Every structure is written in C-alpha cells, then in structure tokens.
Amino acid sequence: MWNSFYETMIAKGRWLLIPKGLGTTLLIAICAVLIGSVLGCIFALFKISKNRFLRGFAEFYTTVIRGIPMATQLMIFYFVIFSPMGMSNAVVVAIIAFGINSGAYCTEIFRAGIQGVDKGQNEAGRSLGLTWWQTLVKIILPQAIRTSLPTYTSEFITLIKETSVASFIAVVDLQKACDNIRNATYNAWIPLLSCAVIYLCLTVGLTKIFSILERRFIKA
C-alpha cells in the first residue's frame, strides 16, 4: 500500500499539485462569495422595493440563475460570453460565474432575513423620526444579519464544494489536480479518495469555525 501511495503521490512531486489546486479552489470560493454578497445585498433590496421594475428584474435574475445547473452556467460564461470577447483566463471567468450564481442565493437569504424582522421594528424606527433608509441600516439590517448568518455560512461551504465543476473549463482546482494525478498514474482510488478527504476536512473544519463565530456574534 505504501509503495502504491509513494508511486502515485510522492514520486515526481505529484503531491505538489494538490496544495496548488486547493489554493485555486479557495481563491475562487472566497472571491465568488464576496461578489455574491454584494449582488445579494443589491438584489435583496430590489426584491423588497416598491418599484415594480426593480422587483421584476431581481425576480428574473434569481429565477434564471437558480434554475440553471452551475456547470451549464459556467460553460455558458466561458464558451459563449467571455471566450468570444477574448477573455481566456479561466480562473477569472470561474470567479465571475460562481459569484453571479452565489448572488442569486444570497439574494434570497438576505431578503428572507430582512422580511423576517418584525414589521413593528420598522414602524418603531419611523416613529422615532428615522427615514426608511436609516431604519433599514440601524434597526432592520443588524437583526436580519443575525438571523441570516447560519444560512449565509452554509452558502459559502456549499460554494466551496460546487467549485469542483470549475475543471469543466480547464481550471486546475483541487478536483482537477487530483484528476491529473489519476490520469498520470492510472491509479484512481488514491488521488480521488485524497480529494474527498480534503474536501471533507475543509467543509467540516469551516462548519466548526463558523458555528463558533455564529454563537459569538449572536451573544454580542
């Protein structure tokens, strides 16, 4: 068993592909969730807006993005939109694609959090002479963030796992790195099980960390 592991992972420094791939996976996930958070905030406000056009636009965005598989979206962004424009950096395209996808889910997370706050809170703020925007920022959003945080952190963890399809556009992420080792050695079980264990450790570790942060944030 050790000889098989050595020939597959250690020989010729193949194991070095894994930390590089993991770094790419984390880069895509972190940048994408930041983009998704910004888009989610914007479109969540659109969804609760009294403007019919903004509400319709936000509904169209979330319906389309959430209704199409991530792998299909990724290939559309790369082969249909960006490649004809001369954009050949697959990592950047992946960040944009995953960011827009995450934004649709963050929109619903934030919208549910905002609308989950008791309406009396808004009325109380307005009775104190605050504007709609001041009431939203000072009273509604702090409460909405607390209720949305568990779902939001789950979105980030889910996003990390979803980045495994980035290899569809030749991004050498964690999944692709392990797949390259498999192709080079004709040994499937060691690199694929290694990939599975790393993803599992990553998601379980982040779940524990976020759980601690959530408890501290709620108590604050």
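Student: What makes the largest nonpolar core a core, and which of its residues touch the most other members?

Tutor: The largest nonpolar core holds 35 residues, among which Leu74, Phe98 and Ile169 touch the most other members. A nonpolar core is a set of buried Ala, Val, Leu, Ile, Met, Phe, Trp, Tyr and Cys residues joined through side-chain atoms within 4.5 Å, where buried means under 20% relative accessible area, exposed over 50% and partly exposed in between, with a 1.4 Å probe and protein chains only. At least two residues of this core come from each of α2 (17–47), α4 (70–82), α5 (90–115), α7 (132–162), α8 (174–185) and α9 (189–219).

This is a predicted model, in which local features need pLDDT of at least 70 and side-chain atom pairs count only at pLDDT 80 or more, while totals for chains, interfaces and linings use all residues. Residues are numbered from 1 along each chain as its sequence is written, and side-chain values use heavy atoms, with hydrogens and water left out.

Student: What does isoleucine 169 touch, not counting residues up to four places away in sequence?

Tutor: With contact taken as heavy atoms within 4.5 Å, isoleucine 169 touches Leu74, Met75, Tyr78, Phe79, Ala90, Val93 and Ala94.

Student: How many helices and strands does the protein have?

Tutor: There are nine helices and zero strands, counted as DSSP runs numbered from the N terminus (helices: H or I, at least four residues; strands: E, at least two).

Student: What share of the contacts with a separation of 6 or more comes from residues 24 or more positions apart?

Tutor: Such residues account for 75% of those contacts in the protein, and of its 220 residues, 40% count as buried.

Student: How do you know how many disulfides the structure holds?

Tutor: A disulfide is a pair of cysteine sulfur atoms within 2.5 Å, and the structure holds zero of them. Cysteine 41 is in no disulfide, since its nearest cysteine sulfur, that of cysteine 106, is 8.0 Å away. Cysteine 106 is likewise in no disulfide, and its nearest cysteine sulfur, that of cysteine 41, is 8.0 Å away.
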